[in-house]
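These are my notebook entries on what I looked up in one structure, grouped by the kind of contact searched for. The structure comes first and the entries follow.

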Amino acid sequence: MLAVRGLSCARGGCQVVAGIDFRLQAGEVLAVLGTNGAGKSTLLATLSGELPRAAGDILLADRPLESWAANQRAQRLAVLPQASSLAFAFSVEEVVLLGRLPHASGRDEDARIAAEVMHAADITHLRQRSYLALSGGERQRVHLARVLAQIWSNAEPACLLLDEPTASLDLAHQRLILQQARELAGRGNAVLLVLHDLNLAARYADRLLLLDRGGVSAVGTPWDVLKAERISQVFGVEVQVAPHPQLDCPLIIS
């Protein structure tokens, strides 16, 4: 679904990540991990086309990312950045419907999809509220619903990029959002998300991409990547890694 080959990215003339290689498959959730400044958000911004790449290739559905017309790409690639801002007093439902702009599916279909994604993000009760009157966590869920609306009922598999989607969310809504990512992948889409919580990544992701000082430290299943020695080397924290008592994933104990 999304292939990255020899990718290097820069900000302000300074190289941030280099030599990145991985493939995100349809039906998969891939979590990107790393310390602050490791290049996670820069990588995601480059994958979305927001930042130009310094070197390498990005393929979306086996086509170079730059070969897609903007409207077509928006139907196959949706992005939730780390911070989203909106200065207008739109209602929550109006903000969510912005995700349908790349489509020509008609008012009734757009309204149906908006209702479904608002339910998925647990914001149906906010639909008539002004976006500007919401808390930070509520705004985060509104923008999640907006990007879900962008790819919710596509005929072709789509790719969803989420940069720290659990930021500002309470525990219940963290679980809700990550479960929605899993369900979206279960319908044949591909999801890449940036996370800081290693245990959330271990629980909800099929594979992990661990960045360290601008390069790939490891990529593989949670069991392969989340080794105590590697976590200590990358994060500078001594941990224990044990089998989760209820789930088939590692549990990180600091």
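Entry on charges over rings. I began with R139, whose charged end sits over the ring of Y131 at 4.9 Å from the ring centre; the criterion I used asks for NZ of Lys or CZ of Arg within 6 Å of the ring centre and within 35 degrees of the ring normal. I also noted R187, whose charged end sits over the ring of W152, 4.3 Å from the centre of that ring.

Note on the model. I am working with a predicted model, in which local features need pLDDT of at least 70 and side-chain atom pairs count only at pLDDT 80 or more, while totals for chains, interfaces and linings use all residues. Residues are numbered from 1 along each chain as its sequence is written, and side-chain values use heavy atoms, with hydrogens and water left out.

Entry on aromatic pairs. I searched the whole structure for ring pairs and found 1, counting rings of Phe, Tyr and Trp (its six-membered ring) whose centres lie within 6.5 Å, with planes under 30 degrees apart taken as stacked, over 60 as edge-to-face and the rest as tilted. The pair is F88 with F90, and I recorded it as stacked because the ring centres are 5.8 Å apart and the planes stand at 20°. I then looked up accessibility, where buried means under 20% relative accessible area, exposed over 50%, and partly exposed in between (1.4 Å probe, protein chains only). F88 is exposed at 55%, whereas F90 is partly exposed at 30%.

Entry on cysteines. How many disulfides does a search of the whole structure find? The search returned 0, with a disulfide defined as a pair of cysteine sulfur atoms within 2.5 Å. C9 is in no disulfide, and the nearest cysteine sulfur to its own, that of C14, is 14 Å away. For C159 the closest cysteine sulfur is the one in C9, at 15 Å, which is too far for a bond. I also checked accessibility for these residues: C9 is buried, with a relative accessible area of 0%, and C159 likewise counts as buried at 0%.

Entry on strands. I took helices (H or I, at least four residues) and strands (E, at least two) as DSSP runs numbered from the N terminus, and I counted two strands as paired if DSSP finds at least two bridges between them.

Entry on salt bridges. I counted a salt bridge where a side-chain nitrogen of Lys or Arg lies within 4 Å of a carboxyl oxygen of Asp or Glu, and the structure holds 10 of them. One of these joins the side chains of D62 and R23 at 3.2 Å, N to O. This pair links distant parts of the chain, since D62 is in the loop between β4 and β5 (63-64) and R23 is in strand β2, 39 residues apart. D62 is exposed at 60% relative accessible area, while R23 is partly exposed at 33%.

E66 forms a salt bridge with R53, the closest N and O atoms being 3.3 Å apart. E66 lies in the loop between β5 and α2 (70-76) and R53 in strand β4, so the pair ties together parts that are 13 residues apart in sequence. I found E66 exposed at 51% and R53 partly exposed at 31%.

Within helix α4, residues 107-120, I looked at E116 and R112, which are 4 residues apart and therefore separated by about one helical turn. Their side chains meet in a salt bridge at 2.6 Å, N to O. E116 is partly exposed at 31%, and R112 is partly exposed at 36%. I also noted that E109, R112 and E116 are linked in a network of salt bridges.

Entry on the record. The UniProt annotation "domain: ABC transporter", from an unreviewed entry, covers residues 2-238; UniProt positions are given in the numbering used here, feature names are shortened, and annotations may be inferred rather than shown by experiment. For residues 2-238 I noted that the end C-alpha atoms lie 34 Å apart and that the span is 36% helix and 26% strand.
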